[in-house]
Amino acid sequence: MSLRHALLAGTVSALALVAGAAAAQDAGEPAVIDDVIVTGIRASLQQSLQTKRNADAIIDVVTAEDVGKFPSSNVAEAITIIPGVTIDRAFGQGEKVSILGTDPALNRTLLNGQTVASADWFILDQPGRTFNYALLAPQIVGRVEVFKSSEARIDEGSIGGTVDVLTRRPLDLGNGLTLSGAATWLYNDRSEESDPQYSLLAGWRNEDRNFGVLVSYQHAKDGLRRDGLEAYGTIPANYYAGGNPENPGANSITNGNCAGTCASTLLANPNARGLNSFGTHFFEQDRERDSYTVALQWRPVEQLDLNFDWLHVEATYNNTNQSLFAFQGNTWNSLGALTDIQIEDGVIKYAAFKNALSVLDVQYREAALTTDSYHLDGRWQGEGWDLSGDIGYSKADGGTQRQLFGEFLNWADYSVDFRGAPGSPGVLTYTNPANNDVLSNASKFSFDGGWGAGDPSVGPTGYNAGWGGNIVSKPTTDKETYGQVDFGLDRDGFFDRLQFGYKYRKHETDQRMSGVTVQIFGAPDSAAMFNPRKVPGNYLDGFDGVNGQMTGRFRIDGSALADYIQSGGYLRPWQAAPTPTVFGNAEFTAQNWNVQETIHAVYGQANFENDFVRGNIGLRYVRTESDSGGYICVNQTATGCGTTAADWAWSVTTKEYDDFLPSLNLVFTVSDDLLIRATASRVIARPNYADMSNYFWLSDQILNGGGGNPDLDPYESTNLNVAAEWYFGENAILSGEVFVKDISNYILQKTAPEQHFNQAQNAVTTYQISRPTNAGSAELKGLSLAYQQNYAYGFGLLANYTLVDGEADNGQDLPFNSKHQVNLSPFYENGAFSARVTYTWRSRYFTGLDRGDAMYVRDVDTLDATAGYAFNDRVSLTVSGQNLLDSEYYAYANTVDLPRGVYRTGRKLMATLAIEF
C-alpha cells in the first residue's frame, strides 16, 4: 500500500481508535502548568512551553519577550532558535525561512492568521510565495507560532510548515494607558557606518476593558556593505582548444599561446570545468524601513469581539554593485589567450592568460517596497456555539524601480588561481610588471566603443555600436483580497467541538520590465571620469589568500555614473536619447507577466478530548483557478521579434485543480509530564508565481536563459509526524520528533539545449535553457531533538539538533535542505541583569541550478549575543551583537573548488535604551 493510500486508511482507523478510547474513559481537562511569576527570558520561555504543550498540533512558539531579547533585525532572525527552522543570509540578514528542510517557497507566513502581501528588492529575484521577513519589524509582534503539522482550519499551501505572526491586542494591555519607546544605535564593523533606529508604541483601553487602541511606529536604518569574490558560470576546458561551437576558431593551442605542458594538460582533460570569470565584488546598500501599525479592539457586548488591524511599511533598498573581474571564459576575447593551465580532479585550478578580457560592471539601483495590509475580524460567542468572520486586503509594491548599468573593458595579462579553495577561495593576479595596476587604475577601463569601417562621429553607417550597459525598470506588485467565515459548535462528550468554515482568496502577482541598451559609438569614456577612489582599508578582511592588487582595487561613484547614463553623456550629436520600452528588446518583453489565482476552500474539523487522548481530525477541500499571462511574439523577423507592441500578443493560460486535504492530530497523555503526538496529513504547496508565468529570457552573450511554465501542477505531500515531549521539570522539556514528507509533483529546474534567435549574432544559436518542471517525486525524512531547562543561580539552556535527509527521485538534492542543523542558546537572568548567547550551525545546502551548474552554499555558523540591564521598572539598556563571527557565505558550483560567490557582511553591534510608562 502506498503512503498516500495508507494516510486515508489510517485516518479512518485512527478515528475508530479514538472513538473507542472515548467509550472507555471519561472526558477530562488537559494538564496545565502552574503559573509562576517570573520576568524576562524565563517568562517568555514559560509562555512558549505552555502554548506548545496545550496545542493539538505540533508547534513551536517564540513570544514577544524572546523577540526583544534576541539581537534580531527581523522576525526571521528570532525564530532560528526553533528546531528545524533555518534562514538564508545571502545579504547578511534573514529574509527567507525554511522549515524542516523545505524550500522557503513551500512554507507560508501569515499575519494574524491571514495573508500579508510581500515584495522583494533584488532585481534578479522573481516574485514567489516566499515572505520577505526584512519588512516585518519585530517590535509589533506579540507571539510567533510555527505549525509543523496541519489542521483543516488553517490555510493550505505549506509542506514544511506555517508561520503565524500574531500582533499585540489592545485589550491585553496591563494598564489603561501604555507608552513605550526605544532608541537604538547600530554599528557595522565592515561598512563602518552608524545608523539610528527607534520605535514608539502607545496603547489605551477604557476602564470597562471593552474598547482599546494600539498604535506603533518603527524606524530602522542599516548601512550594509558586502565584500566578496565571485564568478559567473563555468565552462569546459575544451573551449580553450576550439571546443566552443559559437567560436571554434578560438583555439589557444593552434595559435601557439598554449604549448608544451599547457597543451598536453588541456588535451588530456577536455571535460574539466573551470570558472567562466573571477574577480572582486563590492556591494553597498542603504536599507531604511518605516513601519506603522494601528489596532482597534471593541467588545460592545460580552458576546461580541471586533478587531481591526492596519499595517503599513515603507522601505528603500537603494544599492550599488561593482564587480571587477577577469573574464577568462569570454567567447571572443579570452578563449584563445590561454598560456598555462593546471587541472586537478576535473577542475581547472590555475590558468594564465595573455592580453585577455577584464570587466568592470557597475549597477546603480533604486529599489523601494511598500506594503499595506487591512484586516477586520469579528467573533460572536453564543451559548455553546460561536460564529466568526474575517475580511481583508493586502498589497505590496516592490522590485527595482530603476537600474542604470555601465560596463567597462580592459585587456591585460593575468592569472586566476583556485589551488587554495575553499580555504583560500581564489586569487586574481595581473602578471605584466608594466601593467599590473589594472585593479587600482580606473583609467584602464573604458566603455566598449564598438567596431567597423564607418565614421561613428557622423552616423551609424558601417559601424557596430559597443554594448555599454542598459537602463532597466522592473517593478512588481503582489496583492490579495480575502473573506472567511467560521462556525464552531461546542458539545458534551468525546467530540467536544465541531468547526466548519469557508474561505475565499483572490490573489494577483504582477511583474513589469522595460529597458533600453546603452549604445556606444566610438571614442569611449573611461571609468576615471566617475570619481574613482580606492576601496576602504578593511576591504576583503577575513578572506584568506587575497593579494594586494585585489584589496587595493578601485571603485567609482555609482550615482555619478547613473547621472551620466541617464543624461545621455555618451551620446553622439546624431544619437537620440534612448527611451526604455517593454518591446524594444525581447529580453525585457518576456519578463512582463501576470498571475491571478482564485481560491475557494471549505473545511470541517472535529476536536476531541478525554483523559487519555485529545486532538482533531478534519478535511479541507480546495479549488484553485489560475490565469497566467505573458507576451508571446507574433511577428518573428530575420533579426528577431519585432520591437513594437503590434509584434507581441498577450497570452493567458488557464489552469484549474481540486484538492482534498485530510488531517489528523493525536496527543496521548502517557503521564502528567509525558505527551506522545502523532500526526498525518495531506498537504499541497502551489508553484511559485514566477515559475507559473509565461516569462522567458535569453542571454545572447553567455548563451543561456530560462523561463516559466504555466502548466505546472502543485506540489503534493503526505506528511507523517511522531513526537514525544517530556516535561521533566518546571519550564523544562526534552523532546524528539521524527517526520516523513512524501512529496509528488516536485518542481525542479531542468536545463536543456534549445534553439533560439540570437540578436547579437543575427542567427539561430543553441542556448542552455532552465525551466521549472514537475520533475517527479521527492522524500524528506528526519529527526529533531530539543532540550530546554532552567538551572540554578539564573542560568538556563536551549539546545536542539535537526537531521533532515532528502532528495528527489532522480537523486538531485532538494533546495535549501541542510542535512544537519544545531542551535545552542545558553542564557542567564538574575534580578535586573540578563544575557543570552545564540549559536547556530547548518551543513551545506543546495540552492538550485544556475547556467547548468548545481549551486550549493557551504556549511555556515553564526553567533549572536545580547545582554540587558533594567535600571528600574521603566528604563532598561540592552547591548547586543549580531553575526559576531563575521560568517562567510560561500556559494559554489558543483564542487567547493569552483566558488561562485563568497561574501562577508560584517558584525553588527547595537545598544538600545528603552523607556516604558
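Which residue in E43 is the bridge partner of Tyr 869? In E43, Tyr 869 has Leu 877 as its bridge partner.

## About the model

This is a predicted model, in which local features need pLDDT of at least 70, side-chain atom pairs count only at pLDDT 80 or more, and totals for chains, interfaces and linings use all residues. Residues are numbered from 1 along each chain as its sequence is written, and side-chain values use heavy atoms, with hydrogens and water left out.

Helices (H or I, at least four residues) and strands (E, at least two) are DSSP runs, numbered from the N terminus. Two strands pair if DSSP finds at least two bridges between them.

Strand E42 covers residues 860-870 and runs antiparallel to E43, with 6 bridges between them. The two are connected by a hairpin of 4 residues. Besides Tyr 869 and Leu 877, Gly 868 of this pairing stands opposite Thr 878 in E43.

E42 also pairs with strand E39 (residues 833-842), in the antiparallel sense and over 10 bridges. Here Thr 838 stands opposite Asp 864 in E42. E43 in turn is joined to E46 by 8 bridges, again antiparallel. Gly 881 has Leu 909 as its bridge partner in E46.

E8 and E9 run antiparallel and are joined by 12 bridges. Across this pairing, Ala 182 stands opposite Ser 199 in E9. The hairpin of E8 and E9 has 4 residues between the strands, and Glu 192 in this hairpin takes a positive phi near 55°.

E9 is joined to strand E10 (residues 211-230) by 9 bridges, and these strands also run antiparallel. Tyr 198 stands opposite His 219 in E10. The hairpin of E9 and E10 has 5 residues between the strands; in this hairpin Arg 209 takes a positive phi near 55°.

## A nonpolar patch on the surface

Leu 177, Leu 179, Trp 204, Phe 833, Tyr 869, Phe 871, Leu 877, Val 879, Leu 913, Ile 915 and Phe 917 form a nonpolar patch with about 1000 Å² of accessible area together. Strand E8 (177-188), strand E43 (875-882) and strand E46 (908-916) are the elements that give two or more residues to the patch. Trp 204, another member of the patch, lies in strand E9 (residues 193-205). Trp 204 is partly exposed, with a relative accessible area of 39%.

Some terms need their cut-offs. Patches are made of residues with over 30% relative accessible area and no salt bridge; like charges are joined within 9 Å, and nonpolar side chains (Val, Leu, Ile, Met, Phe, Trp, Tyr) within 5 Å. A salt bridge is a side-chain nitrogen of Lys or Arg within 4 Å of a carboxyl oxygen of Asp or Glu. Accessible areas come from the Shrake-Rupley method with a 1.4 Å probe, and for residues only the protein chains shown count as cover. Buried means under 20% relative accessible area, exposed over 50%, and partly exposed in between (1.4 Å probe, protein chains only).

## An open sheet

An open sheet is formed by 5 strands in the order E1-E6-E7-E4-E5, with mixed pairing. Strand E1 (59-63) and strand E5 (114-115) stand at the edges, each with a single partner strand, so one side of each has no neighbour in the sheet. The partner strand E4 (residues 108-111) is joined to E5 by 2 bridges, and the two run antiparallel. Leu 111 has Gln 114 as its bridge partner in E5.

## Helix H7

The buried residues of helix H7 (residues 558-567) are Gly 558, Ala 560, Leu 561, Ala 562, Tyr 564 and Ile 565. Their cover includes strand E14 (304-326), strand E16 (347-381), strand E17 (385-417), strand E21 (466-490) and strand E23 (514-520); contact here means heavy atoms within 4.5 Å. After H7 comes Gly 568, with a positive phi near 75°.

The structure holds 1 disulfide, a term for a pair of cysteine sulfur atoms within 2.5 Å. Cys 258 and Cys 262 form this link, with their sulfur atoms 2.0 Å apart. The link is left-handed, with -110° about the S-S bond. Both cysteines, Cys 258 and Cys 262, are buried.

Gly 243 is found in the loop between strand E11 (234-236) and helix H5 (261-268). This glycine, Gly 243, is partly exposed, with a relative accessible area of 30%. Gly 243 and Asn 538 are 295 residues apart along the chain, and their C-alpha atoms are separated by 42 Å.
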